[in-house]
Amino acid sequence: MRGVSLTINRGEFVAVMGASGSGKSTLMNLIPRLYDITGGELLIDGISIKQIPVETLRSNIGYVPQETFLFSDTIAGNISYGVDNGTEEHVTTASEVSQLVKDVSEFPKGFETMIGERGITLSGGQKQRASIARAVMRNPKILILDDALSAVDTYTEEEILKRLRSVMKNRTSIIISHRISTVKDADMIVVLNNGEITERGTHEELVAFGGIYAELYQKQLLEEELRQL
């Protein structure tokens, strides 16, 4: 990545878009220090990220990566993983936000259902929603979703985003997505291309700009119209 300059204000919902290999995940991985910056500065609340203890930094971040990883444990155990003071009520609340609670209610053992290594007994969408619930359970100051809604339908996606907005009020949410439906209501949309920020603005501003985002928007509108034929 090069020449990236970006300010995200506390409480903003920011979306990051771009083609595969454009640098989206790399940019997000810098925040919890999964990668370290090799030049420039990355500040949180005006403090260099390298001055913040890694444990403190990561305890304040809820991160859902592209590759969902679940343990051979109960659903409740997976959602509350890494949270020392989590209760059954907390697990249920986090699952309501991620829209997993309806699915769990249909399992014979509910949240005590064993799901197997890597969540083998769950669908792709259920695994993503379990991971989102786990991130919400951490009560994070910063929430990062790296293409974490790709396996859910658009209605469920809308419901999750609506609830996340409420949960993350006055906190910061960053979402990577290829779907316009996921990002259109973001406070700011950032478009990456070859490791550089080429466009930034709201949905309306970027559509009017007529660049990469507008082209993707028109393409997805056409695909949606064709599906309805």
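1. Let's start with R165: at 36% relative accessibility it counts as partly exposed, because that class runs between the 20% and 50% cut-offs. Keep in mind that this is a predicted model. R165 pairs with D187 in a salt bridge, with 3.6 Å between the closest N and O atoms.

2. How many salt bridges does the structure hold? There are nine. One of them joins R129 and D103, at 2.9 Å between the closest N and O atoms. R129 belongs to α6 (residues 124-137) and D103 to α5 (residues 101-104), so this pair ties together parts 26 residues apart in sequence. Both R129 and D103 are buried.

3. Another salt bridge brings D45 and R10 together (3.2 Å, N to O). D45 is in the loop between β2 and β3, while R10 is in the segment before β1, 35 residues away. Both D45 and R10 are exposed. Elsewhere, E159, K162 and R163 form a salt-bridge network.

4. Have a look at T182 in helix α8 (residues 180-183). The T182 side chain makes a polar contact with that of E157, at 2.4 Å. Residues touching T182 include F13, L149 and I175.

5. Finally, α10 (residues 212-227): Y213, A214 and Q220 are buried there. Down the axis, the buried residues of α10 fall within an arc of 130°, so they line one face. Their cover includes β1, α8 and α9. Exposed E215 and L226 are on the face turned away.

How values were computed. Residues are numbered from 1 along each chain as its sequence is written. This is a predicted model: local features need pLDDT of at least 70, side-chain atom pairs count only at pLDDT 80 or more; totals for chains, interfaces and linings use all residues. Side-chain values use heavy atoms; hydrogens and water are left out. Helices (H or I, at least four residues) and strands (E, at least two) are DSSP runs, numbered from the N terminus. A polar contact is a pair of N or O atoms within 3.5 Å; within protein, one must be able to donate a hydrogen and the other to accept it, and residues adjacent in sequence count only if both atoms are side-chain atoms. Contact means heavy atoms within 4.5 Å. Buried means under 20% relative accessible area, exposed over 50%, partly exposed in between (1.4 Å probe, protein chains only). The arc is that of the directions from the helix axis to the C-beta atoms. A salt bridge is a side-chain nitrogen of Lys or Arg within 4 Å of a carboxyl oxygen of Asp or Glu. Lists of a residue's contacts leave out its neighbours within four places in sequence.
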